[in-house]
Amino acid sequence: MKILLKKAIDLALSMGADYADIRYSKFDSESISVKNGQVQGVDYHSDYGVGIRVLCGGAWGFASNPDLDDSVRMETVVKRAVDLAKASNKVSGNNIELAKKESVEDEWASKFEVDPFTVPLEEKLELLMKCCEEMSKVSGVAITNGGLDFIREDRLYMDTEGSEISQKFVQSGGGISCMSLLGGEVQQRSYPSAHRGNHNMAGYEFIKEMDFLQEAPRLAKEVVELHKAILCPTEKMDIILGGSQLVLQVHESCGHAVELDRVLGYEANFAGTSFLTLDKWKNYTYGSKKVNLVQDGTTTRAIGSAKYDDEGVACTKSDLVKDGEFVGYLKSRDSAKFENGVSNGACRAQGWYNVPIVRMTNVHLLPGNETLDELITSTKRGIFMCENRSWSIDDKRWNFQFGSELGWMIENGKITGMVKNPTYTGITPEFWGNCEGVASKDEWKVWGTPNCGKGQPMQVIRVGHGVSYAKFKDVKVGVSK
Ligand SMILES: [Zn+2]
């Protein structure tokens, strides 16, 4: 394969390209769904192919193909990429400059203990069915669900600057949920989070660690109790966010907002641009001094991690928001000149058939000094919200509204009861500016979001987020749908 890839990029140069990179990827996935104790689906997917990207006179061209194992086909694919770049170059405004990077020859593989593809399907189905059975024992539970997802990918990257990088990835994830219907009201509880559970760069051991069976009875009990809970009041109060709710808050209001291609207008199709315009770089207060956000493509077990991104740039850890000040973007080689001229290794493609674009690797809210207990006891009146249920954010990542599956009312420093349909709304810098405290590293953990969409054609990518718990004051809660 290496010989074929090398031939293809050399051919691109001979056709007039100034630069070329090529990615070969072999991807396998297994996805299992169980509903009410019945198998809903067992999907296996495999694909492999190559994507070649070329630069001609400051404009990109890209083409992909399921294989290159045929000299006629190779020539056709490379020519298509070069022709596209040459055609694009005729349009004014193309002046792509690639940030410098180190050329490397390297191999890397993610770590895991148990290869999830060797675990028998029966064992996986039995786990999910048992969870459904446990949840359905509680009277009032109408629907039970469970799902498991596994992926593995081998990626080979090569470019005309001399890099040759082989990387292997194994990821595992899943979750369970249940629903209850009463008097026209639907309630849902999920573990460890809604929207297909939690995911790590790990093997089947991660599924065992999550211990779904242990949590199943609690979910069922809570979903039924939610019907009797008080409705989320409509007022301004403190909120504490944790788990997948804080993950989504970070993802939507920070992660997407700091993608430099959105800021430059390279990408505006799927979910808009960003309020963090270039003039705000190192000149804008994003949040309170408690707010420290980083991008870190090197985090152990996070699903956005790699040793190198899809441009062959080493993944890094860098500040996005430091002590509340906006200090950094997520960047690619062709956008880095608008910040400090150095890519931070955040250019990724969904598959061999996609062109790499600026993406989150892993975006974390760094831990603070408090404990969850201290955040609660210091709250006079507020709601503690966890698993996400709904979200909406405008196309500049400015104004948002989120809903959680369950809230816990806090009065005079104590949890006093359950709140149903909790929602809150805010404006990004105002909301983060009201961040009063963040729980410490003892309560910090890595979450995985397997379904981040961006681009046109849309690319769905896997992103990691590390969070603990955070408290925000004077937040408008109980907003109507
Ligand atoms: Zn996203």
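Are His256 and Cys452 buried or exposed?

Tutor: Both His256 and Cys452 are buried, where buried stands for a relative accessible area under 20%, exposed for over 50% and partly exposed for what lies in between, with a 1.4 Å probe and protein chains only. Before going on, please keep in mind that this is a predicted model, in which local features need pLDDT of at least 70 and side-chain atom pairs count only at pLDDT 80 or more, while totals for chains, interfaces and linings use all residues. Residues are numbered from 1 along each chain as its sequence is written, and side-chain values use heavy atoms, with hydrogens and water left out.

His256 sits in the loop between α6 (243-255) and α7 (260-264), whereas Cys452 is in strand β24 (residues 445-454), so the pair ties together parts that are 196 residues apart in sequence. Helices (H or I, at least four residues) and strands (E, at least two) are DSSP runs, numbered from the N terminus.

The peptide bond from Gln456 to Pro457 is cis, with omega near 5°, and Pro457 is placed in the loop between β24 and β25 (459-467). Another cis peptide bond, with omega near -10°, runs from Tyr191 to Pro192, and Pro192 is in the loop between β7 (185-191) and β8 (198-200).

In soluble globular proteins, nonpolar side chains tend to be buried together. A nonpolar core is a set of buried Ala, Val, Leu, Ile, Met, Phe, Trp, Tyr and Cys residues joined through side-chain atoms within 4.5 Å, and among the 50 residues of the largest one here, Tyr286, Leu365, Tyr424 and Phe472 touch the most other members. Its largest share, 5 residues, comes from α6. A second core, separate and made of 25 residues, includes Ile32, Met135, Cys178 and Phe206.

Cysteines can also pair with each other, and a disulfide is a covalent bond between the sulfur atoms of two cysteines. With the cut-off that the two sulfur atoms lie within 2.5 Å, the structure holds 0 disulfides. The sulfur of Cys131 has its closest cysteine sulfur in Cys132, at 7.0 Å, which is too far for a bond, and Cys131 is buried at 0% relative accessibility.

Lys396 is partly exposed, with a relative accessible area of 42%, and its place is in the loop between β18 (388-393) and β19 (399-404). Apart from its neighbours within four places in sequence, Lys396 is in contact with Thr273, Ser274 and Phe275, contact being heavy atoms within 4.5 Å. Asp323, in the loop between β12 (317-322) and β13 (325-326), has a phi near 50°, a positive value in a residue other than glycine, and counts as partly exposed at 37% relative accessibility. Asp474 likewise has a positive phi of about 50° without being a glycine, but its place is in strand β26 (residues 469-477).

Finally, let us step back to the whole. The protein has 9 helices and 26 strands, and 58% of its 481 residues are buried. Among the contacts with a separation of 6 or more, 76% join residues 24 or more positions apart. The C-alpha atoms fill a box of roughly 70 × 55 × 35 Å along the principal axes. A compact globule of 481 residues would have a radius of gyration near 23 Å, and the protein's 24 Å agrees with that; the radius is taken over C-alpha atoms, and the globule rule is 2.2 Å times the number of residues to the power 0.38.
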